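I opened the notebook to look up a few features of this structure. The entries follow in the order in which I looked.

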Amino acid sequence: MPPLVFLLSTAVFAQGTSEFMLAGLLTDIATDLHTTVPRAGLLTSAFAIGMVVGAPVMAVATRQCPPRLALCSLLATFIAMHVLGASTDSYALLFVSRVVAAFANAGFLALTLAMVSALVTPDRHSRAIATILAGTTLALVVGVPAGTLVGALLDWRAALWGVALLSVPALIAVSMTAPTTQDWRSDGSLTTEFTVLQRQSLIRVLVLCVLVNGATFCSFTFLASVVTERAELQSAMVPVVLALFGLGALGGVWAAGRFGDRYATTIVSSGGAALVVGWCLLALLSQSPVGVLVFAFVQGGLSFALGSTLVSLVMRNAVGAPTMAGSFATASLNIGAAAGPALGGLVYGSSLGTVGPLATSAVMVGVALVASVLLT
């Protein structure tokens, strides 16, 4: 595996931490900037929307740039926006900084996915993609709790400063090691690339990415409520359950990297079926502390094994669209990450309560399996 892949994963870790960590700091931000908590919550929504829109936009904008220049420019912009956000007393300016940072993050991840797919041999394709996505997984497991803790001990600005500082070594490394030429890209036009992206096989995988990632974040977002309200565990157990989910996710990403190139179809079909069963069992056993602990780990593993394999399949099915493939994969993941919690919130307020998001996740993955058959 080229060392560059691991360096890019480090940058993705810093960016993933930024995407999710403000969710735990909304009250402090609202108080400091004299606004409401719901309005502060829009900062997270703005970042997610910026990721969805920014991925294809930035992919097109950087298409003719040397990869090293594009990656460094995007990462430098990301850092600058965090410095700006940490320094301002204006909610409006903080909001703008989050949107611009999301665009930079989306462009960086899209280009990274496209580049590493072309830099490795076919037998290491899934492993390279899994290594990059491990950065996002680690952000959920380690980065987000650490960022929230820093914000709680110091203030929310310190968390933004921390992400900016964490990104600097990655910027230096990328500036020294990323390719300076576009030899790995094809000479096709954007029209040709968009024609490739209309393949039914690719559309099918993108739909699956949205549904599976949506299911993952639908339940993950409300996992703390399941722990305290349904299983009636102490709030101190919430980090333990989230850590188990994260450890499972890391194992799932590793498994996808290890076996995804040879058994992608099996992982999608069997893993998807197991994921549906797992969400159903977690819903049924959510009053059991042991059940919650066990299935938090299992579902983290299955969700990220399936998700990582699907991203690898996107890149594999999009040969001939090296510029836009990574952006479409990035956009699909973030559509799911935004839609899943929104759906979970709707059913959480219904008579189903905390079981609602778990049941919704099962339905979403079930729909994904049906879609995979209908769109074949």
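How do α9 and α11 run, roughly parallel or roughly antiparallel to each other? I worked on a predicted model, where local features need pLDDT of at least 70 and side-chain atom pairs count only at pLDDT 80 or more, while totals for chains, interfaces and linings use all residues. Residues are numbered from 1 along each chain as its sequence is written, and side-chain values use heavy atoms, with hydrogens and water left out.

**Helix pair.** I found that the axes of helix α9 (residues 200-221) and helix α11 (residues 238-284) come within 12 Å and cross at roughly 160°. The two helices are therefore roughly antiparallel to each other (angles under 35 degrees count as roughly parallel, over 145 as roughly antiparallel, 65 to 115 as roughly perpendicular and the rest as oblique). Axes are lines fitted to C-alpha atoms, for helices over the stretch in contact, and angles run from 0 to 180 degrees between N-to-C directions. I noted the crossing of α9 and α11 as right-handed (the near helix is turned clockwise from the far one by less than a right angle). Helices are DSSP runs (H or I, at least four residues), numbered from the N terminus.

**Salt bridges.** I searched the whole structure and got two salt bridges (a side-chain nitrogen of Lys or Arg within 4 Å of a carboxyl oxygen of Asp or Glu). In one of them, Arg-157 pairs with Asp-32, with the closest N and O atoms 3.0 Å apart. Arg-157 lies in helix α7 (residues 156-177) and Asp-32 in helix α2 (residues 26-32), so this pair ties together parts that are 125 residues apart in sequence. Arg-157 also forms a salt bridge with Asp-89, the closest N and O atoms being 2.9 Å apart. Asp-89 sits in the loop between α4 and α5 (91-119), 68 residues from Arg-157.

I then looked up accessibility. Arg-157 is buried at 14% relative accessibility, Asp-32 partly exposed at 34% and Asp-89 exposed at 63% (buried means under 20% relative accessible area, exposed over 50%, partly exposed in between, with a 1.4 Å probe and protein chains only).

**Nonpolar patch.** Leu-247, Val-290, Val-294, Phe-297 and Val-298 make a nonpolar surface patch of about 420 Å² (residues with over 30% relative accessible area and no salt bridge, nonpolar side chains being joined within 5 Å). Helix α12 (residues 289-317) gives the most, with four residues. Val-294 is in helix α12 and is partly exposed at 43% relative accessibility.

Definitions and conventions. Patch = residues over 30% accessible without salt bridge, like charges linked within 9 Å, V, L, I, M, F, W, Y side chains within 5 Å. Areas by Shrake-Rupley, 256 points an atom, 1.4 Å probe, with all protein chains shown as cover.
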